[in-house]
Amino acid sequence: MRNEAKVVAITGASSGIGEATARRLAADGHRLFLGARRTDRLDALGQEIGEAGGTAAFRRLDVTDAADVRAFVAAARERYGRVDVLVNNAGVMPLSPLDALKVDEWDRMIDVNVRGVLHGIAAALPVMRAQGGGHFVNVASVGAYEVSPTAAVYCATKYAVRAISEGLRQESDGTVRVTLVSPGVTESELAEGISDPAAREAMKAYRAVALPASAIAGAIAYAVAQPTEVDVNEIVVRPAASAQ
């Protein structure tokens with residue numbers, strides 16, 4: 001399906017859901033601006049998209065740095081003239097029980113998962129207001145609706161993303177749309193960041209049934225494709241064979 005071409009900026013675009021979303025939206029005819037820390041992967045992805053007939057550029061991005069996110073959005077606008085959609089996708093998931101006291105990991109999750117989304121909103125909202133419209137797609141998790149052992153802080157960050165998204169939606173005058181996409185267990189590199197041995201083993205069993213990242217990309221593409229008068233607010237996507 002090819003839709004009206006939009007300019008879409010994606011954070012965390014070097015792997016997983018971000019990479020799959022870039023491929024899907026490029027195939028749908030949108031122009032992409034990709035951000036992540038691993039520029040070698042972004043370069044390879046951009047070349048593949050270009051060879052397939054799509055349009056994609058990239059810039060190194062650290063979402064924990066508000067100035068860097070502002071520069072990322074500004075670069076997307078400078079290249080394409082506008083920013084229609086920002087996919088706030090970057091996230092980390094170093095699970096552990098609270099009594100492991102991994103404070104540095106808690107702080108990292110707050111910085112990436114919560115501040116990263118806020119930095120994206122702060123950078124792109126003025127641009128969208130000025131151009132008369134836009135769309136935020138914030139990637140959360142089923143952890144935005146439920147809490148499980150070892151995931152208290154991670155779930156807290158995703159609850160926060162859900163709350164921020166709903167607040168932004170309520171504050172919008174209808175010109176800026178807001179979509180929260182909450183994946184169930186999905187194939188990605190997130191689990192590789194788990195340093196706690198017990199949590200890492202538990203995650204292997206948890207991820208025995210997992211969605212491909214392309215399934216979440218499809219949900220994002222669906223929301224982006226809706227006409228401007230339609231705001232898809234929340235999408236929860238789970239494996240059909242799993243209760244998680």
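**Ground rules.** I number residues from 1 along each chain as its sequence is written. In this predicted model, local features need pLDDT of at least 70, side-chain atom pairs count only at pLDDT 80 or more, totals for chains, interfaces and linings use all residues, and side-chain values use heavy atoms, leaving out hydrogens and water.

**Entry 1: α4 and α5.** I looked up helix α4 (residues 103-131) and helix α5 (residues 152-171), whose axes come within 8 Å and cross at roughly 15°. Helices here are DSSP runs (H or I, at least four residues), and axes are lines fitted to C-alpha atoms over the stretch in contact, with angles from 0 to 180 degrees between N-to-C directions. The pair is therefore roughly parallel (angles under 35 degrees). I then listed who touches whom (heavy atoms within 4.5 Å): W106, M109 and I110 are among the α4 residues, and V153, Y154 and T157 among those of α5. By class, I find 14 nonpolar, two polar and three charged residues in this contact.

**Entry 2: α3 and α4.** Next came helix α3 (residues 66-80), which packs on α4 at about 35° with the axes 8 Å apart. On the α3 side I noted A66, V69, R70, V73 and R77; they meet H119, G120, A123, A124, V127 and A130 of α4.

**Entry 3: T21.** I finished in helix α1 (residues 16-27), where T21 sits. T21 counts as buried, at 1% relative accessibility (buried means under 20% relative accessible area, with a 1.4 Å probe and protein chains only). Its side chain reaches the backbone oxygen of I17 at 2.7 Å. Leaving out residues up to four places away in sequence, T21 touches I10, A217 and I220.

Notes. Helices (H or I, at least four residues) and strands (E, at least two) are DSSP runs, numbered from the N terminus. Angles under 35 degrees count as roughly parallel, over 145 as roughly antiparallel, 65 to 115 as roughly perpendicular and the rest as oblique. Ala, Val, Leu, Ile, Met, Phe, Trp, Tyr, Cys and Pro count as nonpolar, Asp, Glu, Lys and Arg as charged, and the others, Gly among them, as polar. Buried means under 20% relative accessible area, exposed over 50%, partly exposed in between (1.4 Å probe, protein chains only). A polar contact is a pair of N or O atoms within 3.5 Å; within protein, one must be able to donate a hydrogen and the other to accept it, and residues adjacent in sequence count only if both atoms are side-chain atoms.
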